[in-house]
Amino acid sequence: MKQNITNAEYAVLGLLFERPCHGYDLDRLIEERGMRAWTELAFSSIYFILNKLQKRELAESFPDPDKQTRKIYRPTAKAADVFEEATISALSNPHPLYPSILLGLANWTSLDTAAAMAALNARLAALEAILHDVSSKAQTVTPMPAHINALFSYSTSQLQCEIDWLKQTMKQLGDQNEQD
């Protein structure tokens, strides 16, 4: 029986397969690894996701022996097959992206050019900051296993590609505005 899981559920389950832990540990791992740059995991959603995984019998909890008020979560036996399917799917199937910038470009004419260009400049600054953050986090992982290196390489390559595309697009839009 195939069960689909969301990317957020998949990310949390992956961390639980590394070792059982509680929500605060999960948040710390997510932050340390810079996962928020490439996953949709907010601190506020961690316990929501853990509860969903429990309801689907993909995770179970038990009291923390050191702090009885806290629960430690671990994957269930049922989760192993679901996790394996999700990993194969994630590695083999490209998923279309629907970035909001495409909608912004489609609705470009609703703004005056100066406001639209200012928005693109803000996006450029945000992308450069994210790239700096991801690159900095990558430097802290030593030694870096090949699959983790590939993860950071993918993220930084995608960010750099969008930065390069955005600079080229802004030049073209600026040039066109000068001609109009």
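A residue counts as exposed when its relative accessible area is over 50%, and as buried when that area is under 20%. The model described here is predicted. In it, helix 3 spans residues 43-55 and has buried residues, while its face turned away from the buried side carries exposed ones.

**Helix 3**
- Ser45, Ile46, Ile49, Leu50 and Leu53 are the buried residues of helix 3.
- These residues lie on the same side of helix 3 because the arc they cover around the axis is only 145°.
- An α-helix has 3.6 residues a turn, so residues three or four places apart point the same way.
- On the face turned away from the buried side, helix 3 carries the exposed Ser44, Phe48 and Lys55.
- The cover over the buried residues of helix 3 includes helix 1 (7-18), helix 2 (23-32), strand 1 (59-63) and strand 2 (71-75).

**Lys137**
- Lys137 belongs to helix 6, residues 113-140.
- With a relative accessible area of 17%, Lys137 falls under the 20% limit and is therefore buried.
- Leaving aside residues up to four places away in sequence, Lys137 touches Glu31, Glu32, Arg33, Gly34 and Phe152.

**Second largest pocket**
- The second largest pocket holds about 150 Å³ of space.
- Helix 5 (100-106) and helix 6 are the elements that give two or more residues to its lining.
- Among the lining residues are Ser100, Trp108, Leu120 and Arg123.
- By class, the lining has seven nonpolar residues, three polar and one charged.

Definitions and conventions:
Residues are numbered from 1 along each chain as its sequence is written. This is a predicted model: local features need pLDDT of at least 70, side-chain atom pairs count only at pLDDT 80 or more; totals for chains, interfaces and linings use all residues. Side-chain values use heavy atoms; hydrogens and water are left out. Buried means under 20% relative accessible area, exposed over 50%, partly exposed in between (1.4 Å probe, protein chains only). Helices (H or I, at least four residues) and strands (E, at least two) are DSSP runs, numbered from the N terminus. The arc is that of the directions from the helix axis to the C-beta atoms. Contact means heavy atoms within 4.5 Å. On a 1 Å grid over the protein atoms alone, a cavity is a set of points where a 1.4 Å probe fits but cannot get out, and a pocket is an open set with protein on both sides within 12 Å along at least five of seven lines; lining residues have an atom within 4 Å of a point. Grid points are joined across faces, edges and corners, and a volume is the space filled by probe spheres set on the points. Ala, Val, Leu, Ile, Met, Phe, Trp, Tyr, Cys and Pro count as nonpolar, Asp, Glu, Lys and Arg as charged, and the others, Gly among them, as polar.
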